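User: Could you go through this model with me? I would like to start with the ligand and then move on to the backbone.

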Amino acid sequence: MMMSNPDSYSFSQKHLLGLADYSADDIMHVLEQAKTFREVLDRPVPKIPTLRDKTIVNLFYENSTRTRLSFELAQKRMGADVVNFSASTSSTRKGESLKDTIRNISSMKIDMVVARHQSPGVPQFLTRCVDASIINAGDGAHEHPTQALLDMFTMRQIDPKLKGKKIAIIGDISHSRVVRSNIVGLTKVGAEVVVCGPKSLMPFAVESLGVNVSYNLEETLAWCDIAMALRIQMERIDGPADLFPSLREYHERFGIKMSHLEKYPDFKVMHPGPINRGVEMESDVADSDRAVILDQVTNGLAVRMAVLYLLSGGKRI
Ligand code: NCD
């Protein structure tokens, strides 16, 4: 991990397109800033109006519950003016192109755009259309950087040291943007990552990303400090019948069960949501005290506040 002298470091990112563009220092800077905002969230009045003069548009072309609500709440807690755009209720339905939509929105003097889109590369494309800061809230199967940052924040709550931490990511490795951002971020800060799932959901040459591969859940759970389960991204799979026999069989081989929690008493369970109970894990596992899934949601708010604050030019507080 390349960490520079804290005195000479300064955060100079304008966008958050993916963790691939962020150094280990940038990542740690965001995570440290998020601690302050996490404390703000525990106050009786959890507001800090540092974005009072900013206007932000949330541009969502793909379904979202957690991410969208989390960004919107983070923006409101910081006093920003917020406009929401949802493709399903907009002129996109009348055939307007993404470029025209964003140019029109931009004429309304927007400072930041939070974008989710089914096509990889859309946030990057937006940086060429408008002057605003762009935050990627998930682009196809490419990256979902704020999710990985909130995952890393949650891991640090369990144990502040990420270097050497043993992280297992279990499930649909091929089609997940969450896994991609986590692999990029976690390897940069020195964590050890194992990806585990059926061969048919494992990308070709995934080891070249700096991770180890396992096809054995039992072995993986015996090894890890954190087990992060991922949903099978059905919306990005043509003909799922080809990739695994059935969800029941998937659960048999790769679902986390109460018996695993008993057998391996140390690992914690994470999931970015939405969970398919009875597939990625038994329902009782999601509700057990070993799961930190709802902490991830709360931390997401703090991490997104930190990202919004730093990208709008704020200095570490
Ligand atoms: C993830 C996503 O959208 O990529 N969800 C999220 O942002 N909380 C994971 C998923 O949809 O499975």
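User: How far is the polar side-chain atom of Arg-177 from an oxygen atom of the ligand?

Analyst: In this predicted model, a polar atom in the side chain of Arg-177 lies 2.7 Å from an oxygen atom of the ligand. Arg-231 has a side-chain N or O atom 2.8 Å from a ligand oxygen, and for Gln-233 a polar side-chain atom is likewise placed 2.8 Å from an oxygen atom of the ligand.

User: And how much of the ligand does the protein bury?

Analyst: The ligand exposes 320 Å² when taken alone, and the protein buries 92% of that area. The ligand sits in the largest pocket.

User: What else is around the ligand?

Analyst: Besides the residues already named, the surrounding residues include Arg-66, Thr-67, Arg-116, His-144, Gln-147, Val-178, Pro-272, Gly-273 and Pro-274. By type, the shell divides into three nonpolar, five polar and four charged residues.

User: Which helices each supply at least two residues of that shell, and which domains does the shell draw on?

Analyst: The helices α2 (66-77) and α6 (177-188) each supply at least two shell residues. As for the domains, at least three residues of the shell come from domain 1 (6-142 + 300-311) and at least three from domain 2 (145-297).

User: Switching to the backbone, what kind of peptide bond joins Gly-273 and Pro-274?

Analyst: That bond is cis, with omega at about -5 degrees, and Pro-274 is placed in the loop between β9 (268-270) and α10 (283-287). Both Gly-273 and Pro-274 are also among the residues that surround the ligand.

User: What about the phi of Lys-109?

Analyst: Lys-109 is not a glycine, yet its phi is positive, near 60 degrees. This residue lies in the loop between α3 (98-106) and β3 (112-117).

User: Why point those two out?

Analyst: Because most peptide bonds are trans, and most residues other than glycine have a negative phi.

Notes:
Residues numbered from 1 in each chain as written. Predicted model: local features only at pLDDT ≥ 70, side-chain atom pairs only at ≥ 80, totals over all residues. Heavy atoms only, no water. Near = heavy atom within 4 Å. Polar contact = N/O pair within 3.5 Å; in protein donor to acceptor, adjacent residues only side chain to side chain. Areas by Shrake-Rupley, 256 points an atom, 1.4 Å probe, with all protein chains shown as cover. 1 Å grid on protein atoms, 1.4 Å probe; cavity = no way out; pocket = protein on both sides within 12 Å on 5 of 7 lines; lining within 4 Å. Sits in = over half its atoms within 2 Å of the grid points. Helix = DSSP H or I, 4+ residues; strand = E, 2+ residues; numbered from the N terminus. Nonpolar A, V, L, I, M, F, W, Y, C, P; charged D, E, K, R; others polar. Domains from an automatic or database assignment.
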